[in-house]
Amino acid sequence: MSEMNKAFIKNLPIDAVERVFAALGEKPYRAKQLFNWLYEKNVGSFHDMTNFSKELRQGLDDSYELSALVLEDRLVSALDGTEKYLFKTRDGHFIESVLIRRDGTDEGRLTVCVSSQVGCPMGCGFCQTARIGFKRNLEPAEILDQLCHVRRISDLRNNNVVFMGMGEPFLNYENVLTAADIMNYSYGFHLSVRKITISTCGILPAIERYIDEKRPYNLAISLNDADPVKRARFMPVEKKYPIESVAALLEEKFPVSRNRLTLEYIMRKDNISSEDAGRLKKMFRHGWIKLNLIPLNRGDHGMELPSVGEVERFVKELEIMNVPVSVRKSSGTDIDGACGQLSGRRYHEAK
Ligand code: SF4
């Protein structure tokens, strides 16, 4: 079988792996052992799976590809130790992932930000990924392998995962949820549901499906403007799925779901007025939503950055109104690893 034709083993959930082993005449517990090698031990070759017979290792190697991505480049921020990884897919596309060290050390909160699509069709005005356009969805193996590479290189054991890299995760719903389930599975990465966050710009039918299916992971929605007119200027999704409809859906369904919900709000100079704070307060009359404020990063998006003083005043105004709020520090701004800065560099270099 040619390398290009081999299936990615990491596309398979545990029940599918059990069926593969059954067809090979192997016991079902082999599936758990394989998961343990793939994710917990995170090996790079079937031949490292030493409790499998030589024939079984060779049989797996003949039919399956273990790694879906090749590491092309790794940049480390001199400012805070944030790491940005560039990967090449088997069909020659480029995607990026980011390892964020919240306090600049290994002791702090470690978060891996993964991509879900090559490029993105959503066209948000502040986002470098949008400029690539949409190429294709990533397969589960390509999502999981980002984490495998980053954990292997950085020697991570337990970290947070956020689906906030390149792409709109809810336009690749099945593959993203398959990958998240394997991250959570006890023989996979065994990450708790509280350590996995899926972010969306507001794909209404997918949010409803996610809640109805009782998916357990944290949900984050990119809000960025509480004023629908202003939001539509930077987020074309507003025209198709107005944030007011998303808010109505959340109001109806979210209180009974078990998820944690965060609304992400990138602060520009023109969305942090007292009027904006008032609109947010209205949206936050229910206390179960948290607002995550992120200062706009530099970039050629043509938008004005707020000053430190303006940000402080806006945060104070929200706090006085009892809006649950946190301010996220941007990470890796010197290596373009911060929010909205992932561009799959090679696409822009090739132009
Ligand atoms: S911000 Fe997210 S949804 Fe919007 S274009 Fe960028 S990657 Fe896509």
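What distance separates the centres of domain 1 and domain 2, taken over C-alpha atoms? In this predicted model, local features need pLDDT of at least 70 and side-chain atom pairs count only at pLDDT 80 or more, whereas totals for chains, interfaces and linings use all residues. Residues are numbered from 1 along each chain as its sequence is written. The centres of the two domains, taken over C-alpha atoms, lie 32 Å apart. Domain 1 covers residues 3-65 and domain 2 covers residues 69-350, the bounds being those of an automatic or database domain assignment.

Eleven residues of domain 1 and 16 residues of domain 2 take part in the contact, where two residues are in contact if their C-beta atoms, placed from the backbone, lie within 7 Å. On the side of domain 1 that touches domain 2, helix α2 (residues 29-40) gives the most, with four residues. Helices (H or I, at least four residues) and strands (E, at least two) are DSSP runs, numbered from the N terminus. This side of domain 1 consists of six nonpolar, three polar and two charged residues. In this classification, Ala, Val, Leu, Ile, Met, Phe, Trp, Tyr, Cys and Pro are nonpolar, Asp, Glu, Lys and Arg are charged, and the others, Gly among them, are polar.

Two packed helices are described by the angle between their axes and the distance between the axes. For helix α10 (residues 274-283) and helix α11 (residues 308-320), the angle is about 35° and the axes are 10 Å apart. The axes are lines fitted to C-alpha atoms, for helices over the stretch in contact, and angles run from 0 to 180 degrees between N-to-C directions. Ser274, Ala277 and Leu280 in α10 meet Phe314, Glu317 and Leu318 in α11. By class, this contact has four nonpolar, one polar and one charged residues.

Around the ligand there are twelve residues, of which Cys120, Met122, Cys124, Cys127 and Ala130 come nearest; a residue is near a molecule if its C-beta atom, placed from the backbone, lies within 6 Å of it. The shell has seven nonpolar, four polar and one charged residues. Cys120 is also a contact partner of Phe134, together with Gln117, Gly119 and Pro121, residues up to four places away in sequence not being counted. Phe134 belongs to strand β8 (residues 134-137). Although 14 residues separate Phe134 from Cys120 in sequence, their C-alpha atoms are 4.4 Å apart.

Burial was assigned by counting other C-beta atoms, placed from the backbone, within 10 Å of a residue's own: buried at 20 or more, exposed at 12 or fewer, and partly exposed in between. Phe134 is partly exposed because 17 other C-beta atoms lie within 10 Å. Ile207, in helix α6, counts as buried because it has 22 C-beta neighbours inside 10 Å. Apart from neighbours within four places in sequence, Ile207 is in contact with Thr200, Val246 and Leu249. The C-alpha atoms of Ile207 and Ile221 are separated by 9.5 Å, with the two residues 14 places apart along the chain.

Positive phi values occur in two residues other than glycine. Asn42, with phi near 55°, is placed in the loop between α2 and α3 (54-63). Asn42 is partly exposed, because 17 other C-beta atoms lie within 10 Å. Lys214, with phi of about 55°, is found in the loop between α6 (204-212) and β11 (218-222). Lys214 counts as exposed because it has 10 C-beta neighbours inside 10 Å.
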